[in-house]
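The following note comments on the structure shown below.

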Amino acid sequence: MILGVKPVTVSAYARYGRLFVWQRESGKQNCPVYFSANQVCRLSRDPNRLERRARYLKSPAPEWKKERGRFPKQSVEQAAFRERYGLPAVPEKVLR
């Protein structure tokens, strides 16, 4: 873990040209991807990336990421409002 990021982030770096990638069959899925050791080391020491990474690690997780499930939990006031006006608990398809 030289970069300390998820594989999805590494593939995003490759997709946007921040990290060079080689493949035997270019653009083919499930074909092994090779990274240059020099490129990975260069990116790991990049001051701009290190600054952004430090800010990301220091910041608290947003509230919406902490909640599990598709719909966030509702407050007592929201539940009372729903009951008062006969609204469903789960949003339904919008009628036009």
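1. The side chains of lysine 28 and glutamate 25 form a salt bridge with an N to O distance of 3.3 Å; the term denotes a side-chain nitrogen of Lys or Arg within 4 Å of a carboxyl oxygen of Asp or Glu. Lysine 28 is partly exposed at 45% relative accessibility, and glutamate 25 is partly exposed at 43%. Here buried means under 20% relative accessible area, exposed over 50%, and partly exposed in between (1.4 Å probe, protein chains only).

2. The model is predicted: local features need pLDDT of at least 70 and side-chain atom pairs count only at pLDDT 80 or more, while totals for chains, interfaces and linings use all residues. Residues are numbered from 1 along each chain as its sequence is written, and side-chain values use heavy atoms, with hydrogens and water left out.

3. The whole structure contains three salt bridges. One of them joins aspartate 46 to arginine 18 at 3.1 Å, N to O. This pair links distant parts of the chain, 28 residues apart: aspartate 46 is in the loop between helix 2 and helix 3, and arginine 18 is in the loop between helix 1 and strand 1. Helices (H or I, at least four residues) and strands (E, at least two) are DSSP runs, numbered from the N terminus. Aspartate 46 is buried at 17% relative accessible area, whereas arginine 18 is partly exposed at 27%.

4. Another salt bridge is formed by glutamate 51 and arginine 55, again with 3.1 Å from N to O. Both residues belong to helix 3 and are four residues apart, about one turn of the helix. Glutamate 51 has a relative accessible area of 46% and is therefore partly exposed; arginine 55, at 47%, is also partly exposed.

5. Arginine 49, in helix 3 (residues 47-58), deserves attention. Beyond four places in sequence, arginine 49 contacts Leu3, Val5, Tyr13, Arg18, Leu43 and Ser44, where contact means heavy atoms within 4.5 Å.

6. Serine 44 lies in helix 2 (residues 37-44) and counts as buried because its relative accessible area is 17%. Apart from residues up to four places away in sequence, serine 44 touches Ile2, Leu3, Arg49 and Leu50.

7. The largest nonpolar core comprises seven residues: Leu3, Val5, Val10, Tyr13, Leu19, Val40 and Leu43. Helix 1 (7-15) and helix 2 are the elements that give two or more residues to this core. Such a core is a set of buried Ala, Val, Leu, Ile, Met, Phe, Trp, Tyr and Cys residues joined through side-chain atoms within 4.5 Å.

8. Phe20, Trp22 and Tyr34 make a nonpolar surface patch of about 330 Å². Patches consist of residues with over 30% relative accessible area and no salt bridge, with like charges joined within 9 Å and nonpolar side chains (Val, Leu, Ile, Met, Phe, Trp, Tyr) within 5 Å; accessible areas come from the Shrake-Rupley method with a 1.4 Å probe, and for residues only the protein chains shown count as cover. Tryptophan 22 is in strand 1 (residues 21-23) and is partly exposed at 46% relative accessibility.

9. Asparagine 30 has a positive phi of about 60° although it is not a glycine. Most residues other than glycine have a negative phi. Asparagine 30 is located in the loop between strand 1 and strand 2 (33-35) and is exposed at 83% relative accessibility.
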